Amino acid sequence: MKKFTCVADLKNLSESVKEAFEIKKDRYQFDTLGKNKTLLMIFFNSSLRTRLSTQKAALNLGMNVMVLDVNQGAWKLETERGVVMNGDKPEHLVEAIPVMGCYCDVIGVRSFAQLKDREFDYNETIINQFIKHSGKPVFSMEAATRHPLQSFADLITIEEYKKQERPKVVLSWAPHPNALPQAVPNSFAEWMNATDYEFVITHPEGYELAPEFVGGAVVEYDQMKALEGADFVYAKNWSTYAGDNYGKVLSKDRAWTISAEHMKVTNNAYFMHCLPVRRNMIVTDDVIESPQSLVIPEAANREISATVVLKNIIESL
Ligand code: AN0
Ligand code: CP
């Protein structure tokens with residue numbers, strides 16, 4: 001695998017899930033595969049889980065790891081082409097990226113949507129420049145429109161906990177004080193649409209996701225109706241995508257906060273969230289602390305999804 005930015009980069013999704021379960025039995029079984037191979041992780045944004053789980057995955061495979069927080073200690077990077085660089089950014093991505101490529105064999109990139117210009121974000125302007133200019137395999141650690149290592153971990157988690165062949169999975173918008181990217185819900189929808197699960201998306205009007213991510217999913221504006229009979233409830237906030245309102249907060253309505261009342265109408269559903277989560281905005285304390293909450297197993301599976309992805313990348317070097 002020469003790049004990993006979306007579900008389609010895996011040759012065969014069900015084979016990759018099987019591989020994940022094999023790795024989970026013994027995560028050190030390929031501990032010499034990455035000998036003398038160096039992973040460089042580049043962060044334009046904060047991270048707890050992605051940083052630790054991806055580094056751990058690389059160590060499982062015997063790789064060396066280097067981490068660069070672009071906004072702490074590196075030169076500020078210009079990302080737009082054709083600008084006169086007389087501002088506060090001393091270096092351009094177009095030089096920085098091939099330089100980074102000189103020192104490593106694989107590059108992971110975290111570059112969130114900036115939520116200013118929808119075209120800039122949805123063209124994946126930043127990570128695509130890494131793919132173009134680094135000369136090395138690149139994988140996403142959450143780019144502008146997707147978070148595939150998270151969605152892969154989410155799918156592994158659902159496969160572990162599901163009680164029926166085709167569970168009902170509901171992605172529910174929930175309130176948050178700030179404007180967040182659509183990457184997690186887009187990506188979750190993309191991966192759910194690649195399975196044969198029953199998949200429903202619910203959100204207030206105005207929060208429609210891009211049609212290419214919604215695909216064949218059912219969109220239900222009545223949250224309670226959407227949650228009826230759900231086996232898995234996946235909560236996430238996102239800002240607006242549609243219309244002239246890109247990247248805005250239209251609602252902070254706490255009626256959408258996932259509470260015990262919401263969970264009552266489900267089929268004793270499991271609760272999922274990628275974390276970090278704002279308690280009593282996204283989900284009430286009692287639901288996230290209940291035995292049905294899978295937030296910690298999901299986070300644990302980030303190590304597994306990253307190990308599978310890095311293994312496949314190393315095998316193609
Ligand atoms: C980020 C987001 O919503 O994309 C990262 C989630 C993994 N969340 C926040 O910025 C709170
Ligand atoms: N879920 C997730 O990607 O968390 P971090 O932002 O902490 O990496």
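Q: Where is N280 found?
A: N280 sits in the loop between β12 and α11; here helices (H or I, at least four residues) and strands (E, at least two) are DSSP runs, numbered from the N terminus. This is a predicted model, in which local features need pLDDT of at least 70, side-chain atom pairs count only at pLDDT 80 or more, and totals for chains, interfaces and linings use all residues. Residues are numbered from 1 along each chain as its sequence is written, chains are lettered from A and ligands numbered from 1 in the order in which they are written, and side-chain values use heavy atoms, with hydrogens and water left out.

Q: What is the relative accessible area of N280?
A: The value for N280 is 29%, so this residue is partly exposed. Buried means under 20% relative accessible area, exposed over 50%, and partly exposed in between (1.4 Å probe, protein chains only).

Q: And what is phi of N280?
A: Phi of N280 is near 65°, which is a positive value in a residue other than glycine.

Q: What about phi of L115?
A: L115 also has a positive phi, near 60°, and is a residue other than glycine. It is located in the loop between β6 and α4 (118–122). With a relative accessible area of 14%, L115 is buried.

Q: New topic. How many residues of β11 are buried?
A: Five of the five residues of β11 (residues 232–236) are buried, and the strand is mostly covered. On one side these are F232, Y234 and K236, and on the other V233 and A235.

Q: Which strand do five bridges join to β11?
A: That strand is β8 (residues 168–173), and the two run parallel. Within this arrangement, V169 is opposite F232 of β11. Three bridges also join β11 to β12 (residues 270–272), again in parallel, and V233 has F271 of β12 as its bridge partner. Two strands pair if DSSP finds at least two bridges between them.

Q: What is the order of the open sheet of five strands?
A: The order is β1-β7-β6-β2-β3, with parallel pairing. At the edges are β1 (3–4) and β3 (64–69), each of which pairs on one side only. Five bridges connect β2 (residues 38–43) with β6 (residues 106–110), and M41 has G108 in β6 as its bridge partner.

Q: Now the helices. At what angle do α1 and α12 cross?
A: The axes of α1 (residues 13–25) and α12 (residues 295–315) cross at roughly 115° and come within 9 Å. Axes are lines fitted to C-alpha atoms, for helices over the stretch in contact, and angles run from 0 to 180 degrees between N-to-C directions. That angle makes α1 roughly perpendicular to α12; angles under 35 degrees count as roughly parallel, over 145 as roughly antiparallel, 65 to 115 as roughly perpendicular and the rest as oblique.

Q: Which residues of α1 make the contact?
A: S16, E19, A20, I23 and K24 of α1 meet N301, I304, T307, V308, K311 and N312 of α12, where contact means heavy atoms within 4.5 Å.

Q: Is I314 buried or exposed?
A: I314 counts as buried, because its relative accessibility is 6%. This residue is in helix α12. Not counting residues up to four places away in sequence, I314 touches L33, G34, L61 and M63.
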